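Here's a quick briefing to read with the model open in your viewer.

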Amino acid sequence: MSVSVQESLLDMGDELAGPVLGELGGSVRRTPLAHGGWVDFCPGWLMGSAEVFGALVETVPWRAEQRKMYDRVVAVPRLLCFYGEDAPLPDPVLTAAREALNAHYGPELGEPFRTAGLCLYRDGRDSVAWHGDTIGRGQREDTMVAIVSLGTPRPLLLRPRGGSAGSGARPLRFEVGHGDLLVMGGSCQRTWEHAVPKTSRAVGPRISVQFRPRGVR
């Protein structure tokens, strides 16, 4: 697949050791949300992520999907791949990332992250509309979704479910890419929505890796 990404000077891994995961803990910044939700953000958690991006572009069996929307079938504006509980992840760095996330968030979450969903946003025309991960237990229980972003930064927006945060209020905005980690927790999937909007600007590709617990999609 002829997709490439420009490396960030702040995203350089160890030339000998390859991509490196940073420490969690004090480097994670939490933003409390209304209605019991929260968002953690750790910029540049995966250093050397451009190497991982290049490997995933070539080795992941990306597929295009179609979905029914109202009275017609439309193409999903991004490429997808899902790794279930027993499926080996496509790169050892992702396995290490899941282990690190489980070590850090396991006590708060009460269970491990088990699955990984990958999305490839090829350019600004690819996007994901406003939604919450409410298929399965996320519709009725607090949970977490941890996202590792690789490639060109794109804005990830959040707003309270059903509309904006208030009169004239803008959605929360996180620019995620180049190895950034963003974790949505508490009631976030039920009470808030998130989106990656389309853009007419010339932007490079991005891969989103979403780690979830069992029964959450």
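A search through the whole structure turns up 2 aromatic pairs. Rings of Phe, Tyr and Trp (its six-membered ring) count as a pair when their centres lie within 6.5 Å; planes under 30 degrees apart make it stacked, over 60 edge-to-face, and the rest tilted. Keep in mind that this is a predicted model: local features need pLDDT of at least 70, side-chain atom pairs count only at pLDDT 80 or more, and totals for chains, interfaces and linings use all residues. Numbering runs from 1 along each chain as its sequence is written, and side-chain values use heavy atoms, with hydrogens and water left out.

**Aromatic pairs**

- Trp-38 and Tyr-105 are the stacked pair, at 6.4 Å centre to centre with 10° between the planes.
- That pair links distant parts of the chain, 67 residues apart: Trp-38 belongs to strand β3 (residues 37-42) and Tyr-105 to helix α2 (residues 92-109). Helices (H or I, at least four residues) and strands (E, at least two) are DSSP runs numbered from the N terminus.
- Both Trp-38 and Tyr-105 are buried, where buried means under 20% relative accessible area, exposed over 50% and partly exposed in between (1.4 Å probe, protein chains only).
- Phe-41 and Phe-174 make a tilted pair, 5.7 Å centre to centre and 55° between the planes.
- Phe-41 sits in strand β3 and Phe-174 in strand β12 (residues 172-176), so this pair ties together parts 133 residues apart in sequence.
- Phe-41 is buried at 9% relative accessible area, and Phe-174 is buried at 8%.

**Charges over rings**

- Arg-159 has its charged end over the ring of Trp-130, 4.1 Å from the centre. The criterion is NZ of Lys or CZ of Arg within 6 Å of the ring centre and within 35 degrees of the ring normal.
- Arg-217 lies over the face of Phe-82, 3.9 Å from the ring centre.

- Most residues other than glycine have a negative phi.
- His-35 has a positive phi of about 70° despite not being a glycine; you'll find His-35 in the loop between β2 (29-32) and β3, exposed at 59% relative accessible area.
- His-178 also isn't a glycine and has a positive phi, of about 50°. The loop between β12 and β13 (180-186) holds His-178, which counts as buried at 18% relative accessibility.

- Strands pair if DSSP finds at least two bridges between them.
- β11 (residues 154-160) and β12 run antiparallel and are joined by 5 bridges.
- Leu-157 stands opposite Arg-173 in β12.

**The largest pocket**

- How big is the volume of the largest pocket? About 1,000 Å³, taken as the space filled by probe spheres set on grid points that are joined across faces, edges and corners.
- A pocket here is an open set of points on a 1 Å grid over the protein atoms alone, where a 1.4 Å probe fits, with protein on both sides within 12 Å along at least five of seven lines; lining residues have an atom within 4 Å of a point.
- Of its 40 lining residues, Arg-67, Arg-78, Val-128, His-131 and Asp-133 are the closest to the pocket centre.
- Strands that each supply at least two lining residues include β9, β10 (145-151) and β14 (192-196).
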